[in-house]
Amino acid sequence: GRTAIFVSLPDVDHHEFVSLLKSSAPAIVVELRKIPRFDFGPLNRGSIFDLFREQGDVYLDLGQSQESDQHLFASRIEEKLQVHIKQHRPIVFLTSPAQNPPSLAQAIYRLLRQSGEGWEIYEMPHHQGEPMTGIA
């Protein structure tokens, strides 16, 4: 199966965020926020981008191409991800409750599922003490 992880920033703990990036070694980190900020905890843009570079320049900023139509935006995202979907490594999506409606994650999820690979979808932060579950 394949894994997609939707990370809600800045709600996720900075330790969790860094360890997720290091442990999952994502094929790509997709920025969905129009205004990407990384200053939470001791992190800042510089330290996060160093980490993205160490992992092979995985950051893809699509937040600027945001559409008011979430389905249209999701299908644009999926086109850009075709090459990465073929790699068997997780795809991380950076979202923000203030900047991205929940319908966007749902639209992306539907498109991933249609790609025919068995996708597992996780959301971070997940509630403490509960297993990470899909939003299917």
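Six bridges join E1 to E5, and the two run parallel. Strands pair when DSSP finds at least two bridges between them. On the labels: helices (H or I, at least four residues) and strands (E, at least two) are DSSP runs, numbered from the N terminus.

Before I go on, this is a predicted model, where local features need pLDDT of at least 70, side-chain atom pairs count only at pLDDT 80 or more, and totals for chains, interfaces and linings use all residues. Residues are numbered from 1 along each chain as its sequence is written, and side-chain values use heavy atoms, with hydrogens and water left out.

Back to E1. Five bridges join E1 to E4, again in parallel, and valine 7 has leucine 94 as its bridge partner in E4. Is E1 enclosed or open? Six of its seven residues are buried, so E1 is largely enclosed by the rest of the structure. Buried means under 20% relative accessible area, exposed over 50%, and partly exposed in between (1.4 Å probe, protein chains only).

Next, helix H3, residues 70-85. H3 has a kink of about 35 degrees, centred on glutamate 79. The bend at a residue is the angle between axes fitted to the seven residues ending there and the seven starting there. At the start of H3, a side-chain oxygen of aspartate 69 comes to within 2.9 Å of the backbone nitrogen of histidine 71. Buried residues in H3 include Phe73, Ile77, Leu81 and His84. What do the buried residues of H3 pack against? Their partners are strands E1, E2, E3, E4 and E5, together with helix H4.

Two of those residues deserve a word. Histidine 84 is buried, with a relative accessible area of 16%. Leaving aside neighbours within four places in sequence, histidine 84 is in contact (heavy atoms within 4.5 Å) with Arg2, Ala27 and Ile28. Isoleucine 77, not counting residues up to four places away in sequence, touches Val30, Leu32, Leu62, Phe93, Leu104 and Ile108.

That leads to the cores. A nonpolar core is a set of buried Ala, Val, Leu, Ile, Met, Phe, Trp, Tyr and Cys residues joined through side-chain atoms within 4.5 Å. The largest has 22 residues, and those with the most contacts inside it are Val30, Ile77, Phe93 and Ile108. E1, E2, H3, E4, H4 and E5 each supply at least two residues of this core. H4 gives the most, with seven residues. Apart from this core lies another, of 21 residues, among them Val7, Val18, Phe40 and Ile48. In soluble globular proteins, nonpolar side chains tend to be buried together.

Last, the charged pairs. How many salt bridges are there? The count comes to four, where a salt bridge is a side-chain nitrogen of Lys or Arg within 4 Å of a carboxyl oxygen of Asp or Glu. One of them joins aspartate 50 and arginine 53, at 2.6 Å, N to O. Both lie in helix H2, three residues apart, about one turn of the helix. Another joins glutamate 67 and arginine 76, at 2.2 Å, N to O. Arginine 76 is partly exposed, at 35% relative accessibility. Aspartate 39 and arginine 37 also meet in a salt bridge, at 2.9 Å, N to O, and aspartate 39 is partly exposed, at 47%.

Methods. Polar contact = N/O pair within 3.5 Å; in protein donor to acceptor, adjacent residues only side chain to side chain.
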